[in-house]
Each structure stands twice: as structure tokens, then as C-alpha cells.
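Have a go at each one before you read its solution.

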Amino acid sequence: MTNYEGYMDNKYLNKRVTIKHTDKVAYLKEKLIGMCGVIIRTSSDDLGVLIDGKTNKASSYGVYWFNKDESVVKIIGSFR
């Protein structure tokens, strides 16, 4: 397994989540609080969430990035 594969292979991938909180003004303007999505990317500190019906044009992956902090996203199930 390469470092990249190990980086992406974790307990968060493909989990369905609800967005509970954000301090990012741009995300607040898009009214993401309460919306659902699926975690499709991760980094050491953040989760890349593909929000239902939305695309983050500022992200090359189209995802919205949130801290792994439990108070930011709530895992509500698995996508697969």
C-alpha cells in the first residue's frame, strides 16, 4: 500500500453525515448547517464532504472541508 492509499483509508470514508457547525463565513452564506452529505476525502485534520445537491467550486474535489471535530459533523450512517 502506498502512503496515499493509507492516507485515504480510514474510518471516515463513505460515512453519511449532517453538518452541525462551521465558522467558515462562505459556508454559512451557503446555508450548509443541517445539510447532509458523504465523506469522500480526508486529510490529517479535515473531512471532505460531498454535500447533497451542492458542489464547492473552490475545491478541486467539489467537496466542503470540515474539521474532524465531532461537533462539526455528525455521522448518521454509511453510504455503502
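This is a predicted model: local features need pLDDT of at least 70, side-chain atom pairs count only at pLDDT 80 or more; totals for chains, interfaces and linings use all residues.

Residues are numbered from 1 along each chain as its sequence is written, and side-chain values use heavy atoms, with hydrogens and water left out.

**Exercise 1.** Find where pLDDT (the predictor's confidence in each residue, from 0 to 100) stays under 50.

*Solution.* Now go to residues 1-6, where pLDDT stays under 50. For that stretch the model has 3 contacts (heavy atoms within 4.5 Å) beyond four places in sequence.

**Exercise 2.** Work out which residues have the most contacts inside the largest nonpolar core.

*Solution.* Take the definition first: such a core is a set of buried (under 20% relative accessible area, 1.4 Å probe, protein chains only) Ala, Val, Leu, Ile, Met, Phe, Trp, Tyr and Cys residues joined through side-chain atoms within 4.5 Å. The largest one has 13 residues, and Ile-19, Val-49, Phe-66 and Val-73 have the most contacts inside it. Next, the elements: β1 (15-19), β3 (46-51) and β4 (64-67) each give two or more residues, with strands being DSSP E runs of at least two. The largest share, 3 residues, comes from β3.

**Exercise 3.** Is Met-35 buried, exposed or partly exposed?

*Solution.* Locate Met-35 in the loop between α2 (25-29) and β2 (36-42). Its relative accessibility is 24%, so Met-35 counts as partly exposed, the class between 20% and 50%. Then check its partners beyond four places in sequence, among them Val-17, Thr-18 and Ile-51. The C-alpha atoms of Met-35 and Thr-18 are 5.6 Å apart, although 17 residues separate them along the chain.

Definitions and conventions. Helices (H or I, at least four residues) and strands (E, at least two) are DSSP runs, numbered from the N terminus.
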